[in-house]
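Visitor: I'm new to reading protein models. Could you walk me through one?

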Amino acid sequence: MSPTSAIAPPARFTVSGDVLRPACLAVADLCALPLRRAQVSFECATSGVRHHRFEGPLLYDVLHTAGPSFDPARRKDRLRFLIAVTGGDGHHTVLSWAEIDPDFGNAPVLLATRIDDTPLDPHGPQLVVPQDRCGARHISGVTSLRVDGRYVSPGS
Ligand SMILES: Nc1nc2c(c(=O)[nH]1)N[C@H]1C(S)=C(S)[C@@H](COP(=O)(O)O)O[C@H]1N2
Ligand SMILES: [Mo]
């Protein structure tokens with residue numbers, strides 16, 4: 001094995017859907033945004049209580065950079081937007097835009113670039129939802145962030 005073959009290429013992930021600037025990014029691209037740290041504990045249904053330290057930008061900042069296609073002047077217009085986050089193994093979750101928007105839930109959800117001081121470049125970023133008691137939304141190896149603004153009440 002040559003010395004370089006042990007170095008995995010950086011994983012890439014997409015930011016797509018109802019955004020003005022869709023992108024295919026690497027973890028290194030996230031480091032251009034302001035980075036936050038979070039120390040989290042969560043309970044896994046199968047492996048018990050886990051503790052991790054994460055670093056990365058706010059998910060809000062990542063998606064705001066992509067430019068969700070709502071009317072920024074109308075707060076109500078943001079309420080129909082969802083964010084689908086998917087890992088390379090198909091594990092996924094959906095958040096609402098309002099959950100992370102500073103005008104609404106303002107949850108400090110991160111898209112981590114490091115876990116426990118280990119860079120996530122070869123694996124892809126990890127979703128970090130510090131307020132969650134359960135670990136299931138801490139999706140590792142994120143391959144896709146999809147913004148979807150089609151959610152309106154039936155009949156509206
Ligand atoms: N991609 C991916 N991320 C995932 C999961 C998964 O199955 N796939 N399981 C989740 C669950 S249920 C838990 S409890 C945590 C466990 O994280 P840890 O083993 O790194 O502590 O990862 C979460 N992230
Ligand atoms: Mo879990």
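**Reading the fold and the ligand site**

Guide: Let's start with a helix: α2 (residues 59-66) lies across β1 (12-17), β5 and β11, and it runs at about 65° to β11. Helices (H or I, at least four residues) and strands (E, at least two) are DSSP runs, numbered from the N terminus. Contact means heavy atoms within 4.5 Å, and axes are lines fitted to C-alpha atoms, for helices over the stretch in contact, with angles from 0 to 180 degrees between N-to-C directions.

Visitor: Before we go on, where do these values come from?

Guide: This is a predicted model, where local features need pLDDT of at least 70 and side-chain atom pairs count only at pLDDT 80 or more, while totals for chains, interfaces and linings use all residues. Residues are numbered from 1 along each chain as its sequence is written, chains are lettered from A and ligands numbered from 1 in the order in which they are written, and side-chain values use heavy atoms, leaving out hydrogens and water.

Visitor: In what order do the five strands of the open sheet come?

Guide: Two strands pair if DSSP finds at least two bridges between them. Here the order is β2-β1-β11-β5-β6, with mixed pairing. The edge strands, β2 (23-26) and β6 (92-96), each pair on one side only. From one strand to the next, the twist averages 20°.

Visitor: How many bridges join β5 to β11?

Guide: Six, between β5 (residues 82-87) and β11 (residues 142-148), and these two run antiparallel. To spot the pairing, find A84, which stands opposite R146 in β11.

Visitor: What do β3 and β4 form?

Guide: A hairpin, with three residues between the two strands. β3 and β4 run antiparallel and are joined by nine bridges. A38 stands opposite F54 in β4, and S41 has H51 as its bridge partner there. β4 also has two bridges to strand β8 (residues 114-115), again antiparallel; in β8, I115 is the bridge partner of F54.

Visitor: Which residues are around ligand 1?

Guide: A residue is near a molecule if one of its heavy atoms lies within 4 Å of it. Around ligand 1 you'll find F42, C44, R50, H52, D89, H91, G135, A136, H138, I139 and S140. β3 (36-44) and β4 (48-56) each supply at least two residues of that shell. By type, the shell divides into four nonpolar, five polar and two charged residues. In this count, Ala, Val, Leu, Ile, Met, Phe, Trp, Tyr, Cys and Pro are nonpolar, Asp, Glu, Lys and Arg are charged, and the others, Gly among them, are polar.

Visitor: How do I read the polar contacts there?

Guide: A polar contact is a pair of N or O atoms within 3.5 Å; within protein, one must be able to donate a hydrogen and the other to accept it, and residues adjacent in sequence count only if both atoms are side-chain atoms. A polar side-chain atom of R50 sits 2.6 Å from an oxygen atom of ligand 1. For H52, a side-chain N or O atom is 2.8 Å from an oxygen atom of the ligand. D89 has a polar side-chain atom 2.7 Å from a nitrogen atom of ligand 1. Taken alone, ligand 1 exposes 530 Å², and the protein buries 70% of that. Those areas come from the Shrake-Rupley method with a 1.4 Å probe; for residues, only the protein chains shown count as cover.
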